[in-house]
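I opened this notebook to record, entry by entry, what I looked up in one structure. The model is shown below, and my entries come after it.

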Amino acid sequence: MTLKHPVGAGDLQSQHKILFVTPEMSDYVKAGGLGDVAAALPRAMRRHHDVRVLIPGYRDVLSRHADIPVIGRLPAASGLPACDLGCVETLDGLTVYVILCSELYDREGSPYGDGAGSDWRDNDVRFARLSLAAAEFASGVADPDWCPDLLHLNDWPAALAPAYATWRGTTTRSILTIHNLAYQGLFGQERISGLGIPDCAFHLDGVEFYGKLSFLKAGISYASHVTTVSATYASEITTPEFGCGLEGLLRIRADQGRLSGILNGIDESWDPRTDPHLASPFDVNDWSGKHINADHVRQAFGLAVSRGPLFAVVSRLVHQKGIDLTIEATETILRQGGQIVVTGRGDVRFEEQLRKLAAHYPGRLGVRIGFDETEARKMFAGSDFLLMPSRFEPCGLSQMYAQRFGTLPIAARTGGLADTVEDGVTGFLFEEASLAGLLSAVYRAVDTYRSQRRLKHMRRAAMKRSFGWERSAKQYHMVYRRALSSPATA
Ligand code: ADP
Ligand code: GLC
């Protein structure tokens with residue numbers, strides 16, 4: 001038998017079966033950074049383990065595969081419907097299990113809501129079904145030929161899995177990765193019986209959060225180990241300022257050595273020398289390509305020809321990302337001779353404000369409301385600075401993409417931004433997510449822009465930063481090993 005992913009002899013002993021459970025994966029559908037992580041991390045982990053992915057059968061998944069072979073049937077449980085389990089292989093040989101349940105997943109919209117941005121009303125059932133399927137894998141009833149040694153669960157939609165596994169008497173170890181603590185999956189207590197949650201679990205040390213059911217808290221309570229996506233955020237979430245009410249429990253996990261921060265990476269497709277989406281390739285020894293990309297972006301957004309700095313925003317338009325601060329800073333940035341391009345979608349209020357600003361400053365501010373990865377890549381390549389005044393940022397991928405493309409982030413010193421941007425070397429950090437803070441960094445950036453020598457020096461430093469997945473994969477490998485040898489919880 002030939003191994004698809006050759007491993008060293010020493011590694012073979014520690015090869016385990018890992019089920020990576022995720023509500024999004026950019027092979028099919030991406031709402032934010034988790035989509036990218038879910039596409040890259042299982043592939044990076046294949047060097048160490050037999051990793052397979054479990055994802056709901058959204059319309060985007062079904063439309064990508066003409067035929068999804070059914071390998072099993074998951075029974076109904078309480079108010080959760082029965083469904084088929086499909087299994088496909090990606091072109092590069094990654095096994096993806098798909099939960100086939102058209103009444104829950106085959107809809108037009110994002111994984112979480114409709115086209116108008118409202119959450120699906122049955123998200124509790126949709127993601128309890130995902131979590132339960134993971135637990136069914138752990139107990140060997142989902143795929144009789146493949147029973148995972150470890151569940152790796154991502155964010156609240158998968159976070160009930162360790163609880164279901166425990167209630168079913170399964171001792172399979174689990175890792176919960178929190179990509180964003182602000183999204184917890186909170187639902188009314190009256191929903192618990194329909195989700196098959198025992199009444200006795202609805203208490204402070206179980207799934208209850210201030211009188212509500214919290215999927216995320218269930219995960220933190222029952223998982224063997226919790227990780228989040230940067231070291232700084234791992235420590236921030238143990239404080240009242242960033243802990244979203246879960247800081248007490250997270251502090252306990254940290255004291256038990258069961259909370260770790262592992263920085264995300266970015267995949268190799270983010271390379272300005274080879275990215276086929278760019279108007280022109282470029283590298284640290286030849287900036288002409290970067291200028292061609294800048295011209296292209298200016299044209300695409302209807303901006304005037306300019307020798308001033310070009311600032312980009314590629315972001316979900318939500319409070320977390322400090323979009324309101326960027327909006328407030330616009331006039332000053334334009335007065336400094338800058339231009340701004342924005343691609344994003346999110347809160348209708350911010351979308352509206354940005355549209356109005358664009359109408360007010362034609363030729364100087366260009367706005368595209370929408371989600372377009374090709375456009376985003378072009379913007380990272382053609383801009384001088386990326387604005388990212390996040391109030392909190394578990395990791396953030398955009399600032400890493402930007403650096404790889406020689407665009408210097410202007411970012412708040414928080415979470416993964418603090419861990420990936422070196423102030424004055426590869427970008428500009430400011431201490432407090434406020435207008436004054438943001439502007440102080442903007443002034444420093446504009447000042448740098450005026451000295452082309454300093455600008456190029458920083459661009460070079462940024463482009464040379466290594467954000468590969470291999471380092472993170474090694475850290476996950478250690479966490480997996482620890483969880484596998486830990487005593488069963490709860
Ligand atoms: P978050 O997951 O909190 O949104 P990240 O920085 O981790 O933030 O990841 C966001 C990802 O989504 C990045 O790949 C970013 O480039 C991309 N992105 C965000 N908004 C848009 C958009 N409107 N169009 C294209 N890509 C976007
Ligand atoms: C979340 C966070 C972001 C992180 C991403 C991937 O959406 O907001 O900071 O980079 O998940 O882990």
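**Entry 1: conventions**

I noted that this is a predicted model, in which local features need pLDDT of at least 70, side-chain atom pairs count only at pLDDT 80 or more, and totals for chains, interfaces and linings use all residues. Residues are numbered from 1 along each chain as its sequence is written, chains are lettered from A and ligands numbered from 1 in the order in which they are written, and side-chain values use heavy atoms, with hydrogens and water left out.

**Entry 2: ligand 1**

Which residues come nearest to ligand 1? I found 21 residues around ligand 1, where a residue is near if one of its heavy atoms lies within 4 Å. Gly33, Arg316, Lys321, Gly370 and Leu397 come nearest of these 21.

I then looked up polar contacts, which are pairs of N or O atoms within 3.5 Å; within protein, one must be able to donate a hydrogen and the other to accept it, and residues adjacent in sequence count only if both atoms are side-chain atoms. A backbone N or O atom of Gly33 lies 2.6 Å from an oxygen atom of ligand 1. For Leu397, a backbone N or O atom is 2.8 Å from an oxygen atom of the ligand. Lys30 contributes a polar side-chain atom, 3.1 Å from an oxygen atom of ligand 1. Ligand 1 has 550 Å² of accessible area on its own, and the protein covers 93% of it. Accessible areas come from the Shrake-Rupley method with a 1.4 Å probe; for residues, only the protein chains shown count as cover.

I sorted the shell by class, with Ala, Val, Leu, Ile, Met, Phe, Trp, Tyr, Cys and Pro as nonpolar, Asp, Glu, Lys and Arg as charged, and the others, Gly among them, as polar. The shell around ligand 1 has six nonpolar, eight polar and seven charged residues. At least two residues each come from H2, S13, S14, helix H14 (373-382) and helix H15 (398-404). These labels denote DSSP runs numbered from the N terminus: helices (H or I) of at least four residues and strands (E) of at least two.

The domain bounds come from an automatic or database domain assignment.

**Entry 3: ligand 2**

I counted 14 residues around ligand 2, of which His179, Asn264, Glu393, Cys395 and Gly396 come nearest. A polar side-chain atom of Glu393 lies 2.5 Å from an oxygen atom of ligand 2. Cys395 places a backbone N or O atom 3.0 Å from an oxygen atom of this ligand, and for a polar side-chain atom of Asn180 the distance to a ligand oxygen is 3.3 Å. Taken alone, ligand 2 exposes 310 Å², and the protein buries 93% of that.

Helix H2 (residues 33-45) gives the most to this shell, with three residues. The shell has six nonpolar, six polar and two charged residues. Domain 1 and domain 2 each supply at least three residues to the shell around ligand 2.

**Entry 4: strands**

I call a residue buried under 20% relative accessible area, exposed over 50% and partly exposed in between (1.4 Å probe, protein chains only). Seven of the eight residues of strand S13 (residues 310-317) are buried. S13 runs parallel to strand S14 (residues 339-346), joined by eight bridges; two strands pair if DSSP finds at least two bridges between them. Val314 stands opposite Thr343 in S14.

Is strand S5 (residues 95-100) largely enclosed or open? Five of its six residues are buried, so S5 is largely enclosed by the rest of the structure. Strand S2 (residues 50-56) pairs with S5 in the parallel sense over four bridges, and Val53 has Val96 as its bridge partner in S5. S4 pairs with S5 in the antiparallel sense over six bridges, with Gly86 partnered by Val98. S4 and S5 form a hairpin with five residues between them, and Gly93 in the turn has a positive phi of about 85°.

**Entry 5: single residues**

Ser78 is not a glycine, yet its phi is positive, near 50°. Ser78 sits in the loop between strand S3 (70-74) and strand S4 (83-89), and is exposed at a relative accessible area of 56%.

Pro111 lies in the loop between helix H4 (102-105) and helix H5 (123-138), and is buried at 1%.
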